[in-house]
Structures are given as C-alpha cells and as structure tokens.
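Morning, everyone. Please have the sequence and the structure open.

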Amino acid sequence: ASRFLFMKNKVRLICDCLAPPVKVIQDERLPQPLSLCGSTLRSPHGCHSQYMTNMGTIASLVMSVTINEDDDTMDGDQQQMTRKLWGLVVCHHTSPRFVPFPLRYACEFLIQVFGVQINKEVELAAQVREKHILQIQTMLCDMLLRDAPVAIITQSPNVMDLVKCDGAALYFKNKTWLLGVTPTEEQIRDIAEWLLEYHSGNTGLSTDSLMEAGYPGASALGDAVCGMAAVSITSRDFLFWFRSHTAKEIKWGGA
C-alpha cells in the first residue's frame, strides 16, 4: 500500500505530525467510500505520527524516485515500459513547516531529473553485468568442449563466477567436487538422490530454502547452507549452487 501511494504521489508533505486530524464527513449518497490517497492535505496515520515523534521530527517532505521497469508479460511490439519505486528522498524538520506549492513543484521536477540519471546508471550497470555473464558463459562452454565437466569447478573462471553464491558443487559419475561453502560429499549425494526421487521430471530445482522445499536432511545442513539451485547435467549428474542462511537485524529510526 505504501509503495502504491508513493507511486501515485511523487511528493508527500506533512506540515505538522502533531496537528489533530480533521474528520471528513462523507455524503451518504456516495456509492463508494471517499479515498484521500491522492490528497496532499490528508493527515498522516497515527503510527506514522508516533514514528516521526520518536525521531524528534515534526514536519517532513518525501519525494519518490522512480525508474523504468520492463514489462516482460508482453511480447514484441506490445512490450511496455512501466515504472517502479527505486527509492525515497526524505527531508525532516524539527518544528512545523509548510512548503508552498511552487517549491514543492520545483522539488518534484528536480527529483524527476534525478530519477532519469539513476535510470541511466541502473541500465548501464545491467548491461555491464549481462556482458560479464555472457563472457563467463562463453568461457565455461569452451571448457566443457575441451575438457570434462570437472573443469568448470576446478579451473578459473568457474561456476561461482556465473551465479552469486557461497558455494558450488559438481556431482558427476558418483564423484563430488566442492567449491566454497557447501554440504559434505555424503550430503551432496543425499541431495542428488532426493532430486532423482522427487524431482526427476524437472531439469533442475531452485529454492530459497531446502527446508521449505521439503528436503528431509535440511536441518542437518545448519546455517551454512540454506538456498540451492541445481541443474541436471545428465540423468544422474548435477551441478549445484548454494547460498548460506542470511539473518539481518535492521534498526529503524524512530522505532
């Protein structure tokens, strides 16, 4: 809901979070409840007012930074460019403050220009990343053509350069090669048998959590291994990527 509001209103002004809200009386003849989501004058939610008070701020001005996002649900010439929320620029004041409309309009224009520049930087970074991945793919394919699949694990670059992960493993002809943070060889074999039994009809499996995917030995892996992507090379051989469990504690201002 908050993302929707920030996409709808590029600039949101709260002059005084401690000001008592004014009740809106709706005409009973209106078929639908009155929506103030597009109103700059609407009062903040009670929890947001408390949040601002805890931070020692009374007034705020929030500006939305939006960038382009490709809509992959449409093909060919029908593909459209949609917008997504990239971030927020938040200005605080320790006392009540009203920002007049001309100044708010200037801020909105400035943030639009900033969004255009951010969009260019994001697109450039995506192009560089895609080019790097294609180069790695080409080199790995060349290794596969010149050598056994073991080369993509034992040489450089390797499969860990292709996917952001904490570890990778190759299970090939009942032998195991490990790279980085991975389960043990016995656990790799057990995962391979589990894939053959429950996911034999698929070319691979990708999951954020082996526990949620139903792997019975997930608890024995601990926090070192949580997410996994597996690709079937042959009917009984697999290439694995692993990610460790990530736990973060975020301290919010005003909490």
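**Cysteines, domains and a hairpin**

Let's start with Cys226: its sulfur lies 14 Å from the closest cysteine sulfur, in Cys165, and that is too far for a bond. A disulfide here means a pair of cysteine sulfur atoms within 2.5 Å. Cys226 is also buried, at 18% relative accessible area. The bands are these: buried is under 20% relative accessible area, exposed is over 50%, and partly exposed is in between, with a 1.4 Å probe and protein chains only.

Before I go on, the ground rules. This is a predicted model, where local features need pLDDT of at least 70 and side-chain atom pairs count only at pLDDT 80 or more, while totals for chains, interfaces and linings use all residues. Residues are numbered from 1 along each chain as its sequence is written, and side-chain values use heavy atoms, with hydrogens and water left out.

Next, Cys107. Its closest cysteine sulfur is in Cys91, 6.8 Å away, again too far for a bond. Cys107 counts as buried too, at 17% relative accessibility. How many disulfides does the structure hold? The count is 0.

Now the domains. Domain 1 covers 2–24 + 34–125, and domain 2 covers 149–243. Those bounds come from an automatic or database domain assignment. Taken over C-alpha atoms, the two domain centres are 43 Å apart.

On to the hairpin. Strand E4, residues 167–172, pairs with strand E5, residues 175–180. The sense is antiparallel, over 6 bridges. Two strands pair if DSSP finds at least two bridges between them. Helices (H or I, at least four residues) and strands (E, at least two) are DSSP runs, numbered from the N terminus. Which residue in E5 is the bridge partner of Ala169? It is Leu178. Between the two strands sit 2 residues, and Lys173 in this hairpin takes a positive phi near 55°. One general point: side chains in a regular strand alternate between the two faces of the sheet.

Last, two residues to look at on screen. Leu30 lies in the loop between strand E1 (11–14) and helix H2 (46–55). Leu30 is partly exposed, with a relative accessible area of 41%. Met139 sits in helix H3, residues 101–146. Met139 is partly exposed as well, at 42%. From Met139 to Ala230 is 91 residues in sequence and 20 Å in space, C-alpha to C-alpha.

That's my tour. Questions, please.
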